[in-house]
Amino acid sequence: MTAMSKELRHPTRDEIELSAVLEALSEPTRREIVAQLLEQGESPCQAFDAKGPKSNVSYHLARLREAGVTRARVDGPYRMISVRVADLAARFPGLLESIMAASRVKTPA
């Protein structure tokens, strides 16, 4: 088994904790990743190369997955990333929408 085909741990819907979601989405780069996924849909890890060095992007993607915000699935040589919209909405109704809407608000200079 190669490292790329290693099964990743995702919390079940009931294991997703509010504090973990809030912590994961408190970081601007992770919110940008989630915004991109919500806009474009499921995407390979390479779609986030512009967000910084590969090691940083991998770190951010892992934090999002471990918090239950995203799901990663292996598709051939790619890891496809998606937002767990239904799980988050069932667990914390309106939370994801509120956080993403608040992150788009520009504060006056």
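1. A quick definition to start: a salt bridge here is a side-chain nitrogen of Lys or Arg within 4 Å of a carboxyl oxygen of Asp or Glu. Asp87 and Arg13 make one, with an N to O distance of 2.8 Å. Asp87 sits in helix 4 (residues 85-91) and Arg13 in the segment before helix 1 (18-24), so this pair links distant parts of the chain, 74 residues apart. Helices (H or I, at least four residues) and strands (E, at least two) are DSSP runs, numbered from the N terminus.

2. Some ground rules before going on. This is a predicted model, where local features need pLDDT of at least 70 and side-chain atom pairs count only at pLDDT 80 or more, while totals for chains, interfaces and linings use all residues. Residues are numbered from 1 along each chain as its sequence is written, and side-chain values use heavy atoms, with hydrogens and water left out.

3. Back to the Asp87 pair: buried or exposed? Asp87 is buried at 16% relative accessible area, while Arg13 is partly exposed at 37%. (Buried means under 20%, exposed over 50%, partly exposed in between, with a 1.4 Å probe and protein chains only.)

4. The structure has 7 salt bridges. Among them is Arg63 with Glu23, at 2.6 Å from N to O. Arg63 lies in helix 3 (residues 54-67) and Glu23 in helix 1, so the pair ties together parts 40 residues apart in sequence. Both ends are partly exposed, Arg63 at 24% and Glu23 at 33%. Shared partners also join Arg13, Arg71, Arg84 and Asp87 into one salt-bridge network.

5. Glu15 and Arg9 form another salt bridge, with their closest N and O atoms 3.0 Å apart. Glu15 is partly exposed at 37%, and Arg9 is exposed at 52%.

6. Now the pockets. A pocket is an open set of points on a 1 Å grid over the protein atoms alone, with protein on both sides within 12 Å along at least five of seven lines; lining residues have an atom within 4 Å of a point. The largest pocket holds about 340 Å³, a volume being the space filled by probe spheres set on the points, which are joined across faces, edges and corners. Its lining has 15 residues, with Cys45, Lys54, Ser58, Leu61 and Arg79 nearest the centre. Helix 3 gives the largest share, 6 residues.

7. The second largest pocket comes in at about 160 Å³. Its lining has 10 residues, and Arg31, Ala35, Met100, Ser103 and Arg104 lie nearest its centre. Helix 2 (28-40) and helix 5 (95-104) each supply at least two of the lining residues.

Conventions
1 Å grid on protein atoms, 1.4 Å probe; cavity = no way out; pocket = protein on both sides within 12 Å on 5 of 7 lines; lining within 4 Å.
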